[in-house]
Amino acid sequence: MTGSVIEARDLEFGWTPGRPLLRIDHLAVGATERVFVHGPSGSGKSSLLSLLAGVVLPQRGSLRVLGTELPGLAGAARDAFRADHFGIIFQMFNLVPYLSIVENVTLPCRFSERRRRQAKARGGVEAEARRLLDHLDLAATAQLPGAVMRLSVGQQQRVAAARALIGRPEIVLADEPTSALDADRREAFLRLLFRECETERATLLFVSHDRSLECLFDRSLALDDIGYRPAPVNA
Amino acid sequence: MSRTTVFVLLVAIGLGVGTGRGLEAQPSKVDPGSVQAVTWKDLVPPGYDPDRLLKKYYDDVANLSDSDPRAQRLAAAVRKAWENAPVVEALNNKMVKLSGFLVTLEGDGKAVSEFLLVPFFGACLHVPPPPSNQIVLVRTAAKPFKIKHMFETVAVTGRLRTQLVRNDLASASYVMEATHVEPQGN
Amino acid sequence: MPILGLAVKSLLNRRLTAGLMVASIGLSVMLLLGVERLRTQARAGFANTISGTDLVVGARTGATALLLHAVFRIGYATNNVSWTSYQDIARHPRVRWTVPLSLGDSVRGFAVLGTNQDYFRHYKYARHHGLEFASGRPFDDVYDAVLGAAVAQELDLRVDGSLVVAHGAVDVDHARHDDKPFRVVGILKKTGTPVDRTVHVSLAGLEAIHIGWQSGMRAPGASVSADDARRQDLTPRSITAFLVGLDSRTAVFHVQRSVNDYRKEPLLAVIPGIVLQELWDAIGVAEQALLGVSGLVALVGLGGMVTALLTGLNERRREMAVLRSVGARPRHVLALIVGEAGALAAAGLALGVVLLYLGLFVAQSFIQTYIGLAIEIGLPSRYEWLLLASVLLASVMAGLWPAIQAYRYSLVDGMTVHV
């Protein structure tokens, strides 16, 4: 389907060969879509993100991201591809403890020439980092030196979001980013994230088990829907 | 002088001269302007026989003990003769290359700037010192030679001079300004 | 280089552990370089103390003991050389000059050397360098003294000052020849050899102060005034040793043999260069062992670094996963760990060199005071640069082990969160 940033067909993946964890008959995500992916624990949500980001390869099937067939790329090429086109937010421990807040945000620009250029074009890599932090309500905190680890979880997640967005990657993958936040903070974080994704015209894939957030998204996918089949018990 | 001492003396001489003889079958040609490889034998003028004195008295000497004054006089006479052994004037100012054992005289602990080159190992220990025409004073002050251990075998290339010694006996000795010193393996 | 920057920041975050590793490597580098330095400097110092002397002759003790005592003032003489034997040898046709030496007394810890004016003419050090006067002149009168540079400085004496010689090596009140003080007439320039720490007097002067001291103590009622002593026959009956210069250096073996075979008194003639070389050869084994130990210490330091890096890896898997997620390739992870090892080693090397120079400055004054040798403190030699480079290389290679481990982890873990 033209216009899809992500398109998967007949995808099959398992950590152990012969025991497939994920089976996807067909999945298509369009540009700037905000997709909510849910499923029970152990259903392979994180594995799906690893697949999409090119960290692991499917045993079978086709996976096209931004027109490129990922399984056709060698490991180093996939790493480069991920650096250029993906921004990733984890549930926790997103940040590198020995780097400052700004240094954490500019990390992707160290590894992706494309993103570095994009950020520079906006007025400098560091300036761009501060701008994003400002948009995520972290302007004051960013000035403070000192351990990144002394930030609250909510602050850490927002720094991670800034890092995921710097240099305008096309796709943002978020793996349960709000699960460690207080309930009242979750919605606020999401609104900030949505706003930035919209400004940068990024596609967002948001994995979570918290169905209460589902309504905020354009689209919702249950791993059952896209062809989830659990591994047989006595394999 | 006891038989054993005389025997040792003769062996020493034999070793010294024999080593020189063994190294080269023909006499070395004089080649002006280039380096001439010399042997220890070349440093001895033809016709000079260092053990002449010993041969003369060998039978008498065999029955003498070391402390007998006649044995001592003979030893002194031999020593005196060897101390003032004649040199080969033709080698004066020639560029030569000579191999031998290195005996340190001056150095700074790492490199040697002045040393004596002698024909056989242990030249100063248990056997009498070689005749003075079998000892070469080598100066390497311009490029001191890094020494690894005592009595290294080296091949020295440089300008050989016969230096007149300032004393009544008008004897001379060999001195060399070395341009090149190379160790000779084992 | 972005990875190196990360490596340095990562180490700064673990300041305590990193600091310990740097200290450990630094100490071992200091040891490695220091052993080598002191070795070469000590050799140079000894070798530079005497030059241009063909033979040193003394009583038949041992070659090393004779040289150490006569030239370096280390140790004690067990026997002397009679004056007649000395005259005999000096008359040998190949001998061009001699310098008699008489040791045994001291002035406030400094050795007193009895000799004659030939000493100032013929004694050379450090490649034919002669003795020079900073002020004054050689001795002339019986009670004249010439001081080495360090003696003059430490005792704060100048020309025309006076000093009192003590009997024996230790300066105590009852052993002083205080009825016959000496007058300083000359002070020598600094030589960097034991000469600096010596008080030079004439042989006659030494004889004069020992009149009445034959038993080793001042004989009661036998005191002779300084002036009366002048009038007596002050030819010494024996000396400790003497230096010999020949008309030709190639004659050295023959003259040495003559002296060793001298029938009237058991004497020993040694060739200084050979004795020193023998000394180095003998010590060489110990030096190699010391170097070997230092090398092992360096290995231990590196081992500690590798251990610290390896054990820290498990906690850092999260950090690696984050780096992978922002686009780091596995080789970047490898480079990060190797970079940390290299940075630690580089810091350790720098610390080691600093410690080395500090240590050398301390050792320099110590060695100068107790042995009288000057230790040079110069820039690192080519050998030392090579040593430093190989330690750096070894650290980087040692860092490969944890680096490859981290590389494998990053491949396996990918982006998976290990919470």
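Analyst: Let us begin with a salt bridge, defined as a side-chain nitrogen of Lys or Arg within 4 Å of a carboxyl oxygen of Asp or Glu. Here Arg249(C) is paired in this way with Glu106(B), and their closest N and O atoms are 3.3 Å apart. Please note that this is a predicted model, in which local features need pLDDT of at least 70 and side-chain atom pairs count only at pLDDT 80 or more, while totals for chains, interfaces and linings use all residues. Residues are numbered from 1 along each chain as its sequence is written, chains are lettered from A and ligands numbered from 1 in the order in which they are written, and side-chain values use heavy atoms, with hydrogens and water left out.

User: How many salt bridges are counted between chain B and chain C, and how many residue pairs are in polar contact across that interface?

Analyst: The count of salt bridges between chain B and chain C is two. A polar contact is a pair of N or O atoms within 3.5 Å; within protein, one must be able to donate a hydrogen and the other to accept it, and residues adjacent in sequence count only if both atoms are side-chain atoms. By that rule, nine residue pairs are in polar contact across the interface of chain B and chain C, both residues being at pLDDT 80 or more.

User: Which elements of chain B supply the side that touches chain C?

Analyst: Elements are DSSP runs numbered from the N terminus: helices (H or I, at least four residues) and strands (E, at least two). At least two residues each come from α3 (69–83), β2, β3, β4 (136–139) and β7 (172–183) of chain B. β2(B) has the largest share, five residues. For classes, Ala, Val, Leu, Ile, Met, Phe, Trp, Tyr, Cys and Pro count as nonpolar, Asp, Glu, Lys and Arg as charged, and the others, Gly among them, as polar. This side of chain B has 19 nonpolar, ten polar and eight charged residues.

User: What area do chain B and chain C bury between them?

Analyst: Buried area is the accessible area (1.4 Å probe) that two parts lose on being put together, summed over both. For chain B and chain C the value is about 2,900 Å², with 56% of it on carbon and sulfur atoms. Contact means heavy atoms within 4.5 Å, and it joins 37 residues of chain B to 34 residues of chain C.

User: How does the interface of chain A and chain C read in these terms?

Analyst: Chain A and chain C bury about 2,300 Å², of which carbon and sulfur atoms give 66%. On the chain A side, Phe90(A), Tyr98(A) and Phe111(A) lose the most area to chain C, together 34% of what that side buries. Two salt bridges are counted between these chains; Arg324(C) forms one with Asp79(A), the closest N and O atoms being 3.0 Å apart. Of the elements in chain A, α2(A) provides the largest share of the side that touches chain C, five residues. By class, that side has 18 nonpolar, two polar and five charged residues.

User: Which residue of chain C has a positive phi near 60 degrees?

Analyst: Most residues other than glycine have a negative phi. Arg73(C) has a positive phi near 60 degrees, and lies in the loop between α3 (63–72) and β2 (81–82) of chain C.
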